[in-house]
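The sequence and the model are shown first.

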Amino acid sequence: MSLISIKTKAPDGTGPQYWRSLNQLSDTPEFRQWVEREFPANATELLDGNSRRTVLKMMAASFGLAGLAACSRPVEHIFPNSRGVENYIPGQSYFYTTVMTLAGQVSGLLVETHDGRPTKIEGNPDHPSSRGAATALAQASILNLYDPDRSARVLQGGMDSSWEQFEAFIKTLQLGDGSGLRFLSQSVASPSLLALRADTLKKFPKAKWVEFESFQRTAGPAGAMLAFGQAVTPQTKFDKAKVILGLDSDFLGLDWQTPLPTKQYASRRRVASEEDLEKINRLYSVESQFSLTGLNADHRLRLKGSEIKQFAVDLAAALGALPGLNVVGNGGGRREQFLAAVVKDLKAAGPDALVITSPRQPPIVHALAFLMNQSLGSLGNTIEFTKSATEDRVDAGPDALKALAAEMTAGQVSTLVMLGGNPVFTAPADVQFGSALSKVANSIHLGQDDDETAASVKWHLPEAHYLESWGDAATASGVAAIQQPLIAPIFGGRTSAEIVALVSGSAVTKAHDIVKNYWTAQWPAASREITWKKTLNDGVVASAKPADTVKVTADAKKIAAAVAAEPKAASGGIEVAFVPSAQMWDGRYANNPWMQEAPDPLTKLTWGNAALISPATAAAKSLQDGDIVTLQGGGLKLEIAVMIQPGQADDCVTVTLGYGRTRCGRVGKGVGYNANLIRTTGGFWYGSGFELASTGNRLSGSDRLSTTQEHGTIGDNGVNAEHLQGRPVFREVTIEDYKKNPKVVEEMQEVPALHSVYHEFTYDQGYQWGMSIDLGSCTGCNACVVACQSENNIPVVGKDQVLRGREMHWIRMDRYYVGSQDEPRAVQQPLPCMQCENAPCENVCPVAATTHSPEGLNDMVYNRCVGTRYCANNCPFKVRHFNFLNFHKNDPEILSMAQNPDVTVRMRGVMEKCTYCVQRIQEARITSKGEGRREIKDGEIVTACQQTCPADAIVFGNINDPNSRVSKLKQQERNYAMLAELDVRPRTTYLARLRNPNPELGA
Ligand code: SF4
């Protein structure tokens, strides 16, 4: 692709041009070829024998038997959220509350089960960090439960052993005062495990405990300690903020693994009234790589990660928060203009302003952010603080891990108990954890996978998945919930608490008893049982004491002194930024095919990662997508393919973590590149002084980067380009323009009076289902895509098929860039089947396999479909997906346990697409009939995408009822139907995105 022929204006030169890739922007022959042919090459070729999909299909049937054996209920009683067990009806779905912890962050969940097997994850509406929503990773965690490659055996020195033998081994250990005993865990959020840890450290006074996560959140607490001189945890209230500045913060994406920030942020982006228009927030983002937060920002400034500290210092000085310091402008025009406008806006917002940074920035940036909030008066309003618990002998973070490895290497650790995680893979390269581990006589690893760490230890123990084990978890604000299992451990795993109890010689070693004893001991004896049942039912512990709110004052002088003492940012060379993957996280989702195939929200990459570089860096180094480069620095080296990422900071390479696993299940092994090979404790988030050089090789054939960014392209340059040229598929408007002319969205496209040549059916009777998607509040988080996949048994097709454009997701998450390739904005648009009233797919089907229901659904009759694919060719939105192969045929039997029995599993040769979750419509119909009601109430049917959406951007309902929520949304002036001028009459319509740019920075 040539970067010379870039054009950034719409074809008629009037408005912004939306583009999906640099290929599209340049209108390259490759791009034209792609969009002219929906399935570009070899459409009917069978898989070659080595594809990942084939491997997945060949997973051993014996695991299925193991899974089926585990269908029995656990002996300890669990309680459904809504109905008593005595009313159990076979085939009926039941919901149970539980809780999931990821990197120390806690989400309350509601899990649907069918006949004893968990099938679908939702957010618990009663849990404050979920409020009924779930993230993409939470949705996909159900597939980890049924992963046929999960660790299933106790291993001693790599050979089969048993729990009994391990228990006997533990009894032989002479742990004494614990001098040689160390524990290594991930972040602990479980109150009962914290209590057990305290007891264990008391029993072994010389033992130590280290916490390590690939995504370590230690910088925030350290910054708070620096600013306030005490251990406090910030509680951010995004819903109270009118102006938000994110300093490298991805609070809408990777920085927060709960739906809460998106819930709070989006509550000020949903506009239903003039009053809401006044409340709409404004978001500024300063970052190096395009994040979800950057995508949603009204203004974005790209800076290298190491430059953000100086930006924070300059900003604090300009706000008057750091008296005596002058603004040190070192960035040229755009940076200074941006800074000046932000300062003015933050000052105007005062207590309603919020400056927030990321765990990826050093403590000083956190301290500066707290200080700025203090000077703006927003402490106590948009950000509060609660007391944090501290434990002297618990240390966390990469430096603590390095210190532990040094002790191990020096022979000071005789027994190392690793509770979860995969430190041999995730530890920074300079820690040399694998070699340190070989010096420990008794190395014990509890893990869900037989992974890189399991291969290096004396004892490997299978860890129970959170859906099959008892536990608990509390948020930083003190909201506690019980993790109740939905199924007995499928592979005989145990929990961290059980292992700690065993090692410490506790009398109570069963997870159920540890958790129940911990909580019931806090309740009056007479009401313990009933309180326990109610707690399980509700999903939150009502008696748990919220963390104490504390009033804090930042010490400006101390922070100024710390700023002066900060080392200068290293200059020269390439900076490498390390970020967790939105799909793999730190590698723990590597064997999860849903997440391998879920396109990255920004790059749209599936099945792998790449080194992201800016267009200018690519031009300077003469690199193109798929070229293999070396990243070399500090004696470390990584060979990796590059991908050009618009909006990336220059001279800065971003690599996602979690790929390049060498020992995991068959789905994830060898997929992508392992960034940990060049990550160090000193450059944990941003490593400096790297050299970037081309190897002269490039990816080819089935090794190519499989990005979906051009798939299903419509609109400018797209399929049917002659008809669609310049038509506004995605619509957005500034609130100023909207206030001036509320009809501005409608006027973006003239829709002539249209008359169908067919007899026109009037859909005015009974229920008429429709959907509204608010592009203003949707953040592009992907949760709906994975929720839809889980609910509707949507198959994974594998990298080879994705490269051919055959991914099956029923919701395509289109991402467009706007503006120049260096400084673009980005927008996102979820695209399910539009359920057109005049559906163009229906009248071309030779066998009437797709027909219209009286309630306005564009139904698919799968067993009538003969696979001509005329419908897909005639669909202007490209939302129909064809099963070229029987993608479920050879799935290991255990994977069928994750499938929804209310939805068919489609065969080879049929077309499939969004059905508006027709099974949920039918269920509501049956329920209302069973309850003797004549009407299905508004809000009673919630589609899977709608249910999980943390932004509440999707609303479904009866458009024949003028009072339904969906009808009211469709009456809004910013409602529009995509391609309305084609007279297809989509039932799914969009609310145009409202932007709130700062006039000083232009629209
Ligand atoms: S519509 Fe989908 S992508 Fe958008 S915020 Fe909701 S769940 Fe995320």
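## Strand pairing around β27

In this predicted model, Ala577 stands opposite Tyr686, a residue of β27. The two strands concerned are β21 (residues 574-579) and β27 (residues 686-698), which pair in the antiparallel sense over three bridges.

Strand β27 also pairs with β24 (residues 627-633), again antiparallel, and here five bridges join the two. Within this pairing, Thr630 has Ala693 of β27 as its bridge partner.

## A three-stranded open sheet

An open sheet is formed by three strands, in the order β1-β31-β32, with antiparallel pairing. The edge positions are taken by β1 (18-19) and β32 (825-831); each has a single partner strand, so one side of each is left without a neighbour in the sheet.

Between β1 and β31 (residues 812-818) there are two bridges, and the strands run antiparallel. Trp19 is found opposite Tyr817 of β31.

## Nonpolar cores

The largest nonpolar core comprises 150 residues, and Leu416, Phe433 and Phe877 have the most contacts inside it. Among the contributors to this core, helix α5 (residues 136-145) gives the most, with seven residues. A separate core of 57 residues lies apart from it; Val232, Leu371, Ala562 and Val563 are among its members.

What surrounds Phe433 in the model? Leaving out residues up to four places away in sequence, Phe433 touches Leu184, Leu401, Met408, Leu416, Met418, Pro423, Val424 and Ala427. Leu416, one of these neighbours, is itself listed with Phe433 among the residues with the most contacts inside the largest core. As a general background, nonpolar side chains tend to be buried together in soluble globular proteins.

## Ligand shell and cysteines

The ligand is surrounded by 13 residues, of which Cys778, Cys781, Cys784, Met813 and Cys949 are the closest. By class, this shell holds 10 nonpolar and three polar residues, and no charged residues.

How many disulfides does the model contain? The count is zero. Cys845 is in no disulfide: the nearest cysteine sulfur belongs to Cys871 and is 6.3 Å away, whereas the cut-off for a disulfide is 2.5 Å. Cys845 is buried, with a relative accessible area of 18%. Cys664 is buried as well, at a relative accessible area of 16%.

## Helix α20

Helix α20 spans residues 528-538, and its buried residues are Trp532, Thr535, Leu536 and Asp538. The cover over these buried residues includes strands β2 (93-102) and β20 (480-483) together with helix α19 (511-520). After α20 comes Gly539, which has a positive phi, near 85°.

## Met643 in strand β25

Met643 belongs to strand β25 (residues 636-644). Is Met643 buried or exposed? Its relative accessibility is 3%, so Met643 counts as buried, the limit being under 20%.

Neighbours within four places in sequence aside, Met643 is in contact with Thr603, Leu605, Ala610, Ala611, Leu612, Ile613, Asp625, Leu705, Thr707 and Gln709. For Ile613, which is 30 residues from Met643 along the chain, the C-alpha separation is 6.3 Å.

## Two buried lysines

Lys263 is located in helix α9 (residues 260-266) and is buried, with a relative accessible area of 10%. Apart from neighbours within four places in sequence, Lys263 is in contact with Ser130, Arg131, Ala133, Cys949, Pro950 and Asp952. One of these contacts, Cys949, is also listed with the residues closest to the ligand.

Lys799 is part of helix α27 (residues 799-803). At 17% relative accessibility, Lys799 is under the 20% limit and therefore counts as buried. Its contacts, sequence neighbours within four places aside, are Trp607, Ser702, Asp703, Arg704 and Ser706. The C-alpha atoms of Lys799 and Thr606 are separated by 7.4 Å, although the two residues are 193 residues apart along the chain.

Note on methods
Residues numbered from 1 in each chain as written. Predicted model: local features only at pLDDT ≥ 70, side-chain atom pairs only at ≥ 80, totals over all residues. Heavy atoms only, no water. Core = buried A, V, L, I, M, F, W, Y, C linked by side-chain atoms within 4.5 Å. Buried < 20%, exposed > 50% of the residue type's maximum accessible area, 1.4 Å probe, protein only. Helix = DSSP H or I, 4+ residues; strand = E, 2+ residues; numbered from the N terminus. Contact = heavy atoms within 4.5 Å. Near = heavy atom within 4 Å. Nonpolar A, V, L, I, M, F, W, Y, C, P; charged D, E, K, R; others polar. Pairing = 2+ DSSP bridges.
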